[in-house]
Amino acid sequence: MTWGTILSYDELITPLTFIIYGWFAKTFGTDLHTVRIVSLIIGFFTHTFFFVLLKNILRQPFIYWGLFIIWLLNPYILGFNGLVFTDGLSNLLIVGFLFAVYKNHYMLAFLAASLLIYTRQYNILIVGAAGIYYLLLASKDKGLNLKMLLSLALGSATIIPLFIMWRGFSPVGAMSEKLTAVPFIFYAESLPVYIYCIFIYVLPISGFIIWHSKISKKEWYFIIIFTLFYYNLFPVAPSFIAVQDGFHTVGLFDKLVTLIFGNNIVKHLLLYFSFLFGSVLFYLFVKEFFLRRYNLKSLDFQRFSLIYLIIFLAAMMVNFQIWEKYFTQVLPVVLIMSGKLLEQKLPQLSDNFKRLRRFKA
């Protein structure tokens, strides 16, 4: 832990995670099983805070418990919190930041925003989404929340001294030199990956919502035509730098499908249909939480969640690395929006059950 190691190390992300794991290893031992204790501690607090957040936002116990189980069983979440990964701390701080926005807690927002960016530079996305959200609230005559906006701005600014010392956005090292050789281009093929994650990593809830959603034939035709056209132009494929590093799939689901069916038309049909159903769910998010105007205060947080998801999808299309793992950054808000959609379906499902009972009688 010296100025030299802070200014120059062979990674691209900001140093907070390495500092925490490094301090723990030097204090308690460098054995891998010992260092994994940090991941377990981070995982415990992440799961606890996320469950509390779900319980605050959703009313039905079987819905928030179901979503919590889906969260726990996500293979990436299991890996982050059981092995030594740099993503677990980022997920913990994202959940903490979501809680701060939900409660309008400006001190927690400042702390979470500061630590988020010291964990990963691209966590500025969720801070920016919150800033846009509070500005939109002010435009709806709800008043300018200066405390929250100032907390977000100051929290983001805490990273500036480190960027000045680095003379850039990442530390000096072999990884940053490698990155300079990667062209800054538009990676359109990343969109199907993160859209199909919306469907795959929220199963079975996502399938249930789509099955019981009232989508017109015109809407279905539009989504099918758009996804067919887009996937034919930009099918799922690893980025150039990933292939150079020996990776030929974009994540666990893609790898599983490739192992079972091979890299052929069957694989791409499965990926396409996952992209299609993910697009339907994304369309439902936009339709319910943006296009329709609700006056219920409880739905404000869903607007913020959708803003964050849209910014994430846009930002990932200029990210040189395409990887399903990045979807875990928005998995909490996707689960929350899915839960709210499911709650809206409960009266309809209740009526269907009543009709079925009358029919049997």
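## Accessibility and overall composition

A residue counts as buried under 20% relative accessible area, as exposed over 50%, and as partly exposed in between, with a 1.4 Å probe and protein chains only. The structure is a predicted model in which local features need pLDDT of at least 70 and side-chain atom pairs count only at pLDDT 80 or more, whereas totals for chains, interfaces and linings use all residues. Residues are numbered from 1 along each chain as its sequence is written, and side-chain values use heavy atoms, with hydrogens and water left out.

The protein has 19 helices and 0 strands; these elements are DSSP runs numbered from the N terminus, helices being H or I of at least four residues and strands E of at least two. Of the 361 residues in the protein, 50% are buried. Where contact means heavy atoms within 4.5 Å, 78% of the contacts between residues at least 6 apart in sequence join residues at least 24 apart.

Two packed helices are described by the angle between their axes and the distance between the axes. Axes are lines fitted to C-alpha atoms, for helices over the stretch in contact, and angles run from 0 to 180 degrees between N-to-C directions. Angles under 35 degrees count as roughly parallel, over 145 as roughly antiparallel, 65 to 115 as roughly perpendicular and the rest as oblique. A crossing is left-handed if the near helix is turned anticlockwise from the far one by less than a right angle, and right-handed if clockwise.

Helix α2 (residues 16–28) packs on helix α3 (residues 32–57) at an angle of about 130°, with the axes 9 Å apart; the two are therefore oblique to each other, and the crossing is right-handed. On the α2 side the contact involves I20, Y21, F24, A25 and F28, which meet T34, V35, I37, V38, S39 and I42 in α3. These residues divide into 9 nonpolar, 2 polar and no charged (Ala, Val, Leu, Ile, Met, Phe, Trp, Tyr, Cys and Pro count as nonpolar, Asp, Glu, Lys and Arg as charged, and the others, Gly among them, as polar).

The axes of α3 and α6 come within 9 Å and cross at roughly 25°, which makes the two helices roughly parallel. Their crossing is left-handed. Among the α3 residues in this contact are I42, F45 and F49, and the α6 residues include L92, V95 and K103. The contact comprises 13 nonpolar, 4 polar and 1 charged residues.

## Aromatic pairs

The structure holds 33 aromatic pairs, in which rings of Phe, Tyr and Trp (its six-membered ring) have centres within 6.5 Å; planes under 30 degrees apart count as stacked, over 60 as edge-to-face and the rest as tilted. F44 and F45 form an edge-to-face pair, at 5.4 Å centre to centre and 75° between the planes. F44 is exposed at 54% relative accessible area, and F45 is partly exposed at 37%.

The rings of F199 and F277 form a tilted pair, with centres 5.3 Å apart and planes at 45°. F199 lies in helix α12 (residues 190–200) and F277 in helix α17 (residues 265–291), so the pair ties together parts that are 78 residues apart in sequence. F199 is buried at 12% relative accessible area, whereas F277, at 27% relative accessibility, counts as partly exposed. Both belong to a cluster linked by ring pairs, which also includes F226, Y230 and Y272.

## Backbone exceptions

Most residues other than glycine have a negative phi, and most peptide bonds are trans. L203 and P204 are joined by a cis peptide bond with omega of about 0°, and P204 is found in the loop between α12 and α13 (205–211). N104, although not a glycine, has a positive phi of about 55°. N104 lies in the loop between α6 (87–103) and α7 (106–119) and is partly exposed, at 38% relative accessibility.
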